[in-house]
Amino acid sequence: MSKFGLGRGLADLNKEMGTIPDISILTGAERVVVKQIPLVQIGANPDQPRKKFTETELSDLAASIKEKGVLQPILLRSVSGRPYLYEIVAGERRFRASKLAGLTEIPALIKQITPENAMEIALIENVQRENLSAIEESNAYKNIMEKCGYELADVARLIGKSESYIKNVMRLDVLPSEVKQMVDDGRLSPSHARLLTVAENSIELANLIVDKKLSVAEAEKIVKGSTRKSTSRAYISKSIDNDTLRDIENRIKNALGVKVKLQERKGGAGQIILSFSTRVQMQELIDKLTK
């Protein structure tokens with residue numbers, strides 16, 4: 001059974017709430033009604049994936065709200081033990097812009113939603129609308145997996161993306177806070193940052209990439225030549241240099257009398273390929289290897 005409640009109740013909610021992402025988690029047959037809720041009774045969701053709201057986007061939305069009002073209700077859930085009565089499930093940007101516009105209340109739908117489902121809805125809304133920065137998205141996946149006990153496959157089904165996509169985003173979680181901040185500030189692209197996840201001196205390399213305005217291809221060359229983290233799958237304590245590699249191949253070739261190719265892989269693994277040209281040579285090679 002799925003950890004999250006993928007149900008049918010969204011169609012009715014859409015009629016009342018307007019155009020929103022396909023949040024199929026919202027289930028139940030109870031009728032929801034749009035109410036005007038005082039802003040002072042509403043608090044933000046601490047598990048909201050999106051942490052940054054730019055001044056420009058809030059100002060633009062506030063101007064629109066002053067002119068036309070809040071056209072789409074926000075979604076709330078009742079809470080207890082907090083300094084507010086309701087917690088935002090979806091619509092924090094509208095809530096913030098409404099405060100900026102000088103409103104004292106906002107149209108809202110109030111649903112009985114568990115903290116886990118609230119996290120799911122907030123994640124779906126932001127991922128589908130591409131509201132999250134790369135770091136926020138990485139943190140959101142980690143947060144919902146830790147707090148809800150989800151596996152990678154659960155999150156993939158929840159947001160409709162592949163497991164490899166989520167893994168790739170979550171790689172950014174291992175970066176130092178200084179590098180994460182550079183990504184959040186827009187100084188370092190997510191593609192550059194993902195290269196640095198295997199580097200021991202990622203802060204130094206990040207500053208170098210930014211200062212010299214290196215392309216992803218240029219940055220990749222520098223990272224490949226840098227010291228790797230011991231926790232990285234790509235870490236090699238003593239990588240074989242080309243001269244040593246050729247020497248090993250020649251020694252095996254002289255001993256066995258066949259062509260040899262040594263291929264080293266990430267983490268120190270690899271393979272030795274022995275090539276023969278005739279059945280006779282194959283049999284001679286087998287005899288030498290099994291003597």
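How many salt bridges does the rule give? The count comes to twelve, a salt bridge being a side-chain nitrogen of Lys or Arg within 4 Å of a carboxyl oxygen of Asp or Glu. The legends below go through some of them, along with other close-ups.

This is a predicted model, in which local features need pLDDT of at least 70, side-chain atom pairs count only at pLDDT 80 or more, and totals for chains, interfaces and linings use all residues. Residues are numbered from 1 along each chain as its sequence is written, and side-chain values use heavy atoms, with hydrogens and water left out.

**Figure 1. The protein chain as a whole.** The chain has 13 helices and seven strands; helices (H or I, at least four residues) and strands (E, at least two) are DSSP runs, numbered from the N terminus. Of its 291 residues, 42% are buried. Here buried means under 20% relative accessible area, exposed means over 50%, and partly exposed is in between (1.4 Å probe, protein chains only). Take the contacts (heavy atoms within 4.5 Å) with a separation of 6 or more: residues 24 or more positions apart account for 64% of them.

Figure 2. Arginine 77 and glutamate 87 form a salt bridge, with their closest N and O atoms 3.3 Å apart. Arginine 77 sits in strand E3 (residues 74-78) and glutamate 87 in strand E4 (residues 86-90), so the pair ties together parts that are ten residues apart in sequence. Both arginine 77 and glutamate 87 are buried.

**Figure 3. Two salt bridges within helices.** In helix H6 (residues 152-159), aspartate 154 and arginine 157 are three residues apart, about one turn of the helix. Their closest N and O atoms are 2.7 Å apart in a salt bridge, and aspartate 154 is buried at a relative accessible area of 6%. Helix H12 (residues 242-256) holds arginine 246 and glutamate 249, again three residues apart, about one turn. That salt bridge has its closest N and O atoms 2.9 Å apart. Arginine 246 is partly exposed, with a relative accessible area of 35%, whereas glutamate 249 counts as buried at 9%.

**Figure 4. Arginine 194, buried without a salt bridge.** Arginine 194 lies in helix H9. This residue is buried yet has no salt bridge, and the nearest side chain of opposite charge, glutamate 137, is 7.5 Å away. For that search, Lys and Arg count as positive and Asp and Glu as negative, while His and the chain ends are not counted. What does arginine 194 contact, leaving aside its neighbours within four places in sequence? The answer is Asn168, Arg171 and Leu172.

Figure 5. Helix H10 (residues 202-212) has Ser202, Leu205, Ala206 and Ile209 as its buried residues. They cover an arc of only 105° around the axis, which puts them on the same side of H10; the arc is that of the directions from the helix axis to the C-beta atoms. These buried residues pack against helix H8 (177-184), helix H9 (190-195) and helix H11 (216-224). On the face turned away from the buried side, look for the exposed residues Glu204, Asp211 and Lys212. Lysine 213 follows H10 and has a positive phi, near 55°.

Figure 6. Five strands form an open sheet in the order E1-E5-E3-E4-E2, with mixed pairing. Strand E1 (34-38) and strand E2 (42-43) stand at the edges, each with a single partner strand, so one side of each is left without a neighbour in the sheet. Two strands pair if DSSP finds at least two bridges between them; E1 and strand E5 (residues 105-110) pair in the antiparallel sense over five bridges. Proline 38 stands opposite glutamate 105 in E5. Helix H3 (residues 92-100) lies across E2, E3, E4 and E5, and runs at about 120° to E4. Axes are lines fitted to C-alpha atoms, for helices over the stretch in contact, and angles run from 0 to 180 degrees between N-to-C directions. The buried residues of H3 are Glu92, Arg94, Phe95, Ala97 and Ser98.

**Figure 7. Proline 73 and proline 107.** Proline 73 belongs to the loop between helix H2 (55-68) and E3, and is buried with a relative accessible area of 6%. Proline 73 and proline 107 are 34 residues apart in sequence but 4.9 Å apart in space, C-alpha to C-alpha.
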